Amino acid sequence: MATTGVGLALKTYGLAWKAALPLLRFNGRLKDGWEQRTLAGGMPAPADLWMQAASGGEAYLAWEVLKHLKPAGPETLRVLVTTNTLQGYQTLLRAAEEANGRKAGLAVQPWYFPFDAPELMTRMVRRVRPRLAVILETEIWPGFLSACKAENVRVLLANGRMTTKSLAGYMSWPGLFRALSPDRIMAVSETDGRRFGTLFGREKVRIMPNIKFDRMGDGAPMARKGNPLGDLIRERDSFVIFGSVRREEEHDVTRLAAGLMSARPAVVLGLFPRHMHHLDLWRKAMDGAGLNWVLRSRLSGPARPGSVILWDAFGELVPAYGLAKAAFVGGSLAPLGGQNFLEPLTSGVTPVTGPHWKNFAWVGREIIDSGLAVEASGWQDALESLKKIIDNPPSRREVAGAARRYIRDRRGGAEAVSKQVADFLNKD
């Protein structure tokens, strides 16, 4: 795409934002930080580094990077951290409080990411005057990138991930995105790196460890003695968890539950819906399958073998994993991307997941190949895998230890990004 073509594309993009902005005011999710998003309430202070983290998950990654950043000399390193969501902003507030409290030469200022209208972004970049902008994961905003190009601000895209679908969308306008390319892309896998290379040029791409591994602790499985759910599940009972199951997989999960209770009638099954407002759906499903169930909130003593506990209490999944013999992790029997199977694993339980776990593909296929987790092709396969684990449960200590080693070997992403940031900043 010629320069004139890029200019025309950005002009069209700006006109689309001008038409959209009045309508966005009625979006309830955008009311938080509206004045910062539109720059109507002023702008942040100038900064050496601008780090953009789209939402809550990326904000935690930014927090990890902040822990590793150090000023090159006696001067304070000024950092602006931005996000698009309320959850992300609240996380960045805590991250800034911690970083500023360490008095390690950082001055961190949280802010909402402005709407990507080229006019707004140009004003913002000229005000902040960063020496480097860091984008976490896949935040490819044309207005932001074009403003950085115009003001000679270098851009680093770190912890980069890109799906085939996203690449296809960007390739509908390849000249524009090639013209706005970041100066360096640090992708979390060779596959992601190839996709970024297709869009921006392979020479700009490097591979790095995923920062998400840095966020995972080294804690041991929760001891039964201190487990708040210890009175509900007896040590001699086979307790199996269906964690974070989703409405869209209700038919297969119900068949899996019925098959398990038929094959192993002494099991206590804890069913944890991913969304509590779907609890009635699971009540009806258990009734339809002829299974005995009880609400977690109604339990005052040990659950009876052969019963299903419908978990209607928040925040108890991790301690429950600490008591489980086996676990199936939901969101994976339907194409939903999967839920977090690292939680049972680090609790010392070998997790069984369905075939759909792309949301956790960053963990690496090796976690399945090594036997740390089990991938089932469908509910029948999941049932067979659960039966094997129940009948011969591996040592909780050994499972958790192997999980810690797997995670430890893949850490270092935040440090890699901080070194790349220092390299860019020290070149000034």
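Trainee: Which helix gives the most to the lining of the largest pocket?
Mentor: That's H9, with four residues. Helices here are DSSP runs of H or I with at least four residues, strands are E runs of at least two, and both are numbered from the N terminus. Helix H9 (190-200) and helix H7 (164-170) each supply at least two residues of that lining.
Trainee: Before we go on, what sort of model is this?
Mentor: This is a predicted model: local features need pLDDT of at least 70, side-chain atom pairs count only at pLDDT 80 or more, and totals for chains, interfaces and linings use all residues. Residues are numbered from 1 along each chain as its sequence is written, and side-chain values use heavy atoms, with hydrogens and water left out.
Trainee: OK, which residues lie nearest the centre of the largest pocket?
Mentor: Arg161, Ser189, Asp192, Ala361 and Trp362, out of 30 lining residues. A pocket is an open set of points on a 1 Å grid over the protein atoms alone, where a 1.4 Å probe fits, with protein on both sides within 12 Å along at least five of seven lines; lining residues have an atom within 4 Å of a point.
Trainee: And how much space lies in it?
Mentor: About 780 Å³, the volume being the space filled by probe spheres set on the grid points, which are joined across faces, edges and corners.
Trainee: How does the lining divide by class?
Mentor: Ten nonpolar, nine polar and eleven charged residues. Ala, Val, Leu, Ile, Met, Phe, Trp, Tyr, Cys and Pro count as nonpolar, Asp, Glu, Lys and Arg as charged, and the others, Gly among them, as polar.
Trainee: What about the second largest pocket, how much space lies there?
Mentor: About 680 Å³. It has 25 lining residues, and Ser244, Arg274, Gln339, Asn340 and Glu343 are the closest to its centre. By class, its lining has 14 nonpolar, eight polar and three charged residues.
Trainee: Switching to the sheet, what's the strand order?
Mentor: S3-S2-S1-S4-S5-S6-S7, seven strands in an open sheet with parallel pairing. Two strands pair if DSSP finds at least two bridges between them.
Trainee: Which strands stand at the edges?
Mentor: Strand S3 (106-112) and strand S7 (205-207); each has a single partner strand, so one side of each is left without a neighbour in the sheet.
Trainee: Now S5, is that strand largely enclosed, or open?
Mentor: Enclosed: six of the seven residues of S5 (154-160) are buried, so the rest of the structure largely encloses the strand. Buried means under 20% relative accessible area, exposed over 50%, partly exposed in between (1.4 Å probe, protein chains only).
Trainee: How many bridges join S4 to S5?
Mentor: Five, and the two strands run parallel. Leu136 stands opposite Ala158 in S5. On the other pairing, S5 and S6 have three parallel bridges, and Leu156 has Arg184 in S6 as its bridge partner.
Trainee: One last thing, which loop holds Arg129?
Mentor: The loop between helix H5 (118-128) and S4. Arg129 has a positive phi of about 50 degrees although it is not a glycine, and Arg129 is exposed, at a relative accessible area of 56%.
Trainee: And where is Asn152?
Mentor: In the loop between H6 and S5.
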